[in-house]
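Student: I would like to work through this structure with you, step by step. Could we begin as soon as it is on the screen?

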Amino acid sequence: MWWDMFFAIGAGLLATWLALMIGLLLIRPEGALLTGAIRLLPDLIRLLRRLAADRTLPRGVRIRLGALMVYLALPLDLIPDFCR
C-alpha cells in the first residue's frame, strides 16, 4: 500500500516536471539567460554539497543548506514568484 502511494507521488512529480520543461521549451526564455543558468547549475550544486558536508560549519547552517538543496530540487515553487 505504501509503495503504491510513493509510486503515485513520484509519477505525479515526474509528470509535473515534464510538463514544466515542455512549457519552458515552448516559451523559450531569452537564450543568454537560459544558457547562463545551465552553465552555473553544476558549480552551484557542487558548492552547496561541499558546504553542507563541511564539519567546521555549525550544524544549523548545514541543516539550512540541506533544506535549501531540497527546496531547489522541488519542481514546484512552495513560495510563488510574483514579478512584473
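Student: Is Arg-46 buried, partly exposed or exposed in this predicted model?
Tutor: The relative accessibility of Arg-46 is 35%. Buried would require under 20% and exposed over 50%, so Arg-46 counts as partly exposed.

Student: Which residue forms a salt bridge with Arg-46, and how far apart are the closest N and O atoms?
Tutor: Side chains of opposite charge can pair when their charged atoms come close. The criterion here is a side-chain nitrogen within 4 Å of a carboxyl oxygen, and a search of the whole structure finds 1 salt bridge. That salt bridge joins Arg-46 to Asp-43, with the closest N and O atoms 3.0 Å apart.

Student: How are Asp-43 and Arg-46 placed in helix α2, and what is the relative accessible area of Asp-43?
Tutor: Helix α2 covers residues 31–53, and because Asp-43 and Arg-46 are 3 residues apart within it, they are separated by about one helical turn. Asp-43 is partly exposed, its relative accessible area being 43%.

Student: Where does Arg-62 lie, and is Arg-62 buried or exposed?
Tutor: Arg-62 belongs to helix α3, which spans residues 59–73. Its relative accessibility is 15%, and since the limit for burial is under 20%, Arg-62 counts as buried.

Student: Which residues does Arg-62 touch, leaving aside those up to four places away in sequence?
Tutor: One of them is Leu-51, which is 11 residues away along the chain, although the C-alpha atoms of Leu-51 and Arg-62 are separated by 7.1 Å. With residues up to four places away in sequence not counted, Arg-62 touches Leu-51, Ala-52, Asp-54, Arg-55 and Leu-57.

Student: What is the nearest side chain of opposite charge to Arg-62, and how far away is that side chain?
Tutor: Arg-62 has no salt bridge, although it is buried. A salt bridge would need a nitrogen and a carboxyl oxygen within 4 Å, whereas the nearest side chain of opposite charge, Asp-54, is 7.0 Å away.

Student: In which helix is confidence lowest, and in which is it highest?
Tutor: The protein as a whole has a mean pLDDT of 76, with 80% of its residues reaching 70 or more. Where pLDDT is low, the predicted coordinates should not be read in detail. Confidence is lowest in α2, at a mean of 77, and highest in helix α3, at 81.

How values were computed:
Residues are numbered from 1 along each chain as its sequence is written. Side-chain values use heavy atoms; hydrogens and water are left out. Helices (H or I, at least four residues) and strands (E, at least two) are DSSP runs, numbered from the N terminus. Buried means under 20% relative accessible area, exposed over 50%, partly exposed in between (1.4 Å probe, protein chains only). pLDDT is the predictor's confidence in each residue, from 0 to 100. Contact means heavy atoms within 4.5 Å. Lys and Arg count as positive and Asp and Glu as negative; His and the chain ends are not counted.
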